[in-house]
Amino acid sequence: MTTPATPTLPAIDPKRTALLAMDFQNGILAVVPDPDALVERVRGAIADVRAAGGTIGYVRVAFTEDDWAAVPETNKTFSAVAAAKWMHHEDEATQIDGRIAPEDGDIVVRKIRIGAVSTTDLHQQLRDRGIDTLILSGISTGGVVLSTLIDTADRDYRVYVLTDGVADPRPEVHQVLVNEVFPSRAHLIDTIGLRELLTSPQG
């Protein structure tokens with residue numbers, strides 16, 4: 001019996017590609033297993049994309065007082081956030097982990113819902129830079145990664161999920177999404193595979 005061939009991943013044009021580091025915040029990293037190793041892997045991926053000439057985008061979730069006041073009670077998740085006054089935009093818990101801090105020229109957006117696009121100008125910023133390919137990393141797999149994947153796939157981006165650059169507090173949710181849900185919407189790649197793809201000759 002022959003082993004099925006591994007699907008060939010599409011080539012990546014770094015100039016049209018952005019790696020999104022989503023919700024790597026001081027107060028969120030603590031909820032996933034082995035956060036330090038996760039950050040180190042993502043830091044390496046960021047360095048590889050930078051070296052190849054790609055774009056880095058950062059997404060964080062944080063609220064002003066006006067944001068809290070505007071959340072309707074119909075929103076199950078964020079009405080609770082607003083009522084408890086969680087995740088103020090100036091709190092240390094909402095700041096991006098310093099080990100992967102943004103640099104000049106990076107995209108940085110602040111969101112007030114789960115997905116990276118619906119309450120930000122991220123899509124416009126990406127389009128303004130001619131970006132049509134996204135590499136998603138983030139916390140959590142069942143939160144920002146899932147929401148952003150569905151949204152950006154619907155907007156016709158070519159999407160990769162960095163399988164060892166995403167994590168979820170519930171390992172079983174992570175496994176089901178990565179193995180059963182994401183493959184129909186995105187290309188799956190790990191940090192080593194990404195480095196190889198970025199350094200391979202372009203066709």
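Colleague: Helices here are DSSP runs of H or I with at least four residues, numbered from the N terminus. Which of them each supply at least two residues of the lining of the largest pocket?

Modeller: Those are α1 (26–29), α4 (76–84) and α6 (141–154). Keep in mind that this is a predicted model.

Colleague: Thanks! How much space lies in that largest pocket?

Modeller: About 470 Å³. Its lining counts 21 residues, and by class these are 11 nonpolar, five polar and five charged.

Colleague: And which residues lie nearest its centre?

Modeller: Asp23, Ile28, Ile139, Ser140 and Gly143.

Colleague: Go on, what is the phi of Asp23?

Modeller: Asp23 has a positive phi, about 65°, although it is not a glycine. You'll find Asp23 in the loop between β1 and α1.

Colleague: Is the peptide bond from Ile139 to Ser140 cis or trans?

Modeller: That bond is cis, and its omega is near 15°. Ser140 sits in the loop that runs between β4 and α6.

Colleague: Switching to the sheet: what is the strand order?

Modeller: The sheet is open and has six strands, ordered β3-β2-β1-β4-β5-β6, with parallel pairing. The edges are β3 (107–111) and β6 (187–189); each has a single partner strand, so one side of each has no neighbour in the sheet. From one strand to the next, the twist averages 25°.

Colleague: How many bridges pair β2 with β3?

Modeller: Five, in the parallel sense, with β2 covering residues 55–61. Arg60, for instance, has Arg110 in β3 as its bridge partner.

Colleague: Nice. Which strands does α2 touch?

Modeller: α2 packs on the sheet and touches β1 (17–22), β2, β4 (133–139) and β5 (158–167). The direction of α2 makes about 145° with that of β5.

Colleague: What about α2 and α8, at what angle do they pack?

Modeller: Two packed helices are described by the angle between their axes and the distance between the axes. For α2 (residues 35–52) and α8 (residues 191–199), the angle is about 5° and the axes are 10 Å apart. That makes α2 roughly parallel to α8, because angles under 35 degrees count as roughly parallel.

Colleague: Which residues meet there?

Modeller: From α2 you have Arg41, Ala45, Asp48, Val49 and Ala52, and they meet Thr191, Leu194, Arg195 and Leu198 in α8. By class, this contact has five nonpolar, one polar and three charged residues.

Key:
Residues are numbered from 1 along each chain as its sequence is written. This is a predicted model: local features need pLDDT of at least 70, side-chain atom pairs count only at pLDDT 80 or more; totals for chains, interfaces and linings use all residues. Side-chain values use heavy atoms; hydrogens and water are left out. Axes are lines fitted to C-alpha atoms, for helices over the stretch in contact, and angles run from 0 to 180 degrees between N-to-C directions. Angles under 35 degrees count as roughly parallel, over 145 as roughly antiparallel, 65 to 115 as roughly perpendicular and the rest as oblique. Contact means heavy atoms within 4.5 Å. Ala, Val, Leu, Ile, Met, Phe, Trp, Tyr, Cys and Pro count as nonpolar, Asp, Glu, Lys and Arg as charged, and the others, Gly among them, as polar. On a 1 Å grid over the protein atoms alone, a cavity is a set of points where a 1.4 Å probe fits but cannot get out, and a pocket is an open set with protein on both sides within 12 Å along at least five of seven lines; lining residues have an atom within 4 Å of a point. Grid points are joined across faces, edges and corners, and a volume is the space filled by probe spheres set on the points. Two strands pair if DSSP finds at least two bridges between them.
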